[in-house]
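Here's a quick briefing to read alongside the model. Have the viewer open and follow along topic by topic.

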Amino acid sequence: MIGFVEKIIYLKRVMTKFSKKNILLNRYEVYQTFFLPHKIENLSSYHGIIFFSPSGVKSFFLKNKILDDYKTEFFAIGRTTAKSVSRYLNKEIWIPDIPSMKEVLLFVRKLCFHK
């Protein structure tokens, strides 16, 4: 038996993989994601916007829109978050080689302020 800790945004494919191998899986919901979207004024004046989670991406885009002519750079902590951002943008999304807070902040500093 395996305990699977999850949030409410649930990945059914995990359950499917385990059940196909006849592995009993107990599911425990240990937290829920609540969106607190805010409208951000003057987004076109930002050098960059950093995203740290797919749920943060969804919350951001509930009240904000990025136009194609914005010169803002977009950053994601990792590939999964970048994939979420790409659903809303048709722009390049920068991702550090190592998905960590430190690496993404160093990446932002390098790209936005040391050109």
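Where is the place of Leu105? Leu105 sits in helix α4, and at 41% relative accessibility Leu105 counts as partly exposed. Buried here means under 20% relative accessible area, exposed means over 50%, and partly exposed is in between, using a 1.4 Å probe and protein chains only.

Some housekeeping before the rest. This is a predicted model, so local features need pLDDT of at least 70 and side-chain atom pairs count only at pLDDT 80 or more, while totals for chains, interfaces and linings use all residues. Residues are numbered from 1 along each chain as its sequence is written, and side-chain values use heavy atoms, with hydrogens and water left out.

**Overall layout**

- The protein has four helices and five strands, taken as DSSP runs numbered from the N terminus (helices are H or I with at least four residues, strands are E with at least two).
- Going along the sequence, the pattern reads β-α-β-β-α-β-α-β-α.
- The chain has 115 residues, and 29% of them count as buried.
- Take the contacts (heavy atoms within 4.5 Å) with a separation of 6 or more: residues 24 or more positions apart account for 50% of them.

**Nonpolar cores**

- As background, nonpolar side chains tend to be buried together in soluble globular proteins.
- A nonpolar core here is a set of buried Ala, Val, Leu, Ile, Met, Phe, Trp, Tyr and Cys residues joined through side-chain atoms within 4.5 Å.
- The largest such core has 14 residues, and the members touching the most others are Ile49, Phe51, Phe60, Phe61 and Ile66.
- At least two residues of this core come from each of β3 (48–51), α2, β4 and α3 (79–86), and α2 gives the largest share, three residues.
- Apart from this core lies another one, of six residues, including Phe75, Val104, Val108 and Leu111.

**Aromatic rings**

- There are six aromatic pairs in the structure.
- One of them is Phe60 with Phe61, edge-to-face at 4.8 Å centre to centre and 85 degrees between the planes; both residues are buried.
- Another is Trp94 with Phe107, also edge-to-face, with 6.1 Å between centres and 65 degrees between planes.
- Trp94 is in strand β5 (residues 93–94) and Phe107 in helix α4 (residues 101–113), so this pair ties together parts that are 13 residues apart in sequence.
- Both partners count as partly exposed: Trp94 has 23% relative accessibility, and Phe107 has a relative accessible area of 21%.
- Phe51, Phe60, Phe61 and Tyr88 make up one aromatic cluster.
- For the cut-offs, rings of Phe, Tyr and Trp (its six-membered ring) pair if their centres lie within 6.5 Å; planes under 30 degrees apart are stacked, over 60 edge-to-face, and the rest tilted.

**Helix α2 and the surface**

- Ser59 lies in helix α2 and is buried, with a relative accessible area of 11%.
- Not counting residues up to four places away in sequence, Ser59 touches Phe35, Leu36 and Pro37.
- Leu105 turns up again with Phe52 and Met101 in a nonpolar surface patch of about 280 Å².
- Patches are made of residues with over 30% relative accessible area and no salt bridge, joining like charges within 9 Å and nonpolar side chains (Val, Leu, Ile, Met, Phe, Trp, Tyr) within 5 Å; a salt bridge is a side-chain nitrogen of Lys or Arg within 4 Å of a carboxyl oxygen of Asp or Glu.

**Loops**

- Asp68 is in the loop between α2 (54–63) and β4 (73–76) and counts as exposed at 65% relative accessibility.
- Asp68 and Leu89 are 21 residues apart in sequence, with 8.2 Å from C-alpha to C-alpha.
- Glu92 is in the loop between α3 and β5, exposed at 52% relative accessibility.
- The C-alpha atoms of Glu92 and Glu73 are separated by 7.8 Å, and the two residues are 19 apart along the chain.
- Asn42, in the loop between β2 (25–31) and β3, is exposed at 58% relative accessibility.
- The phi of Asn42 is near 60 degrees, a positive value in a residue other than glycine.

Definitions and conventions
Areas by Shrake-Rupley, 256 points an atom, 1.4 Å probe, with all protein chains shown as cover.
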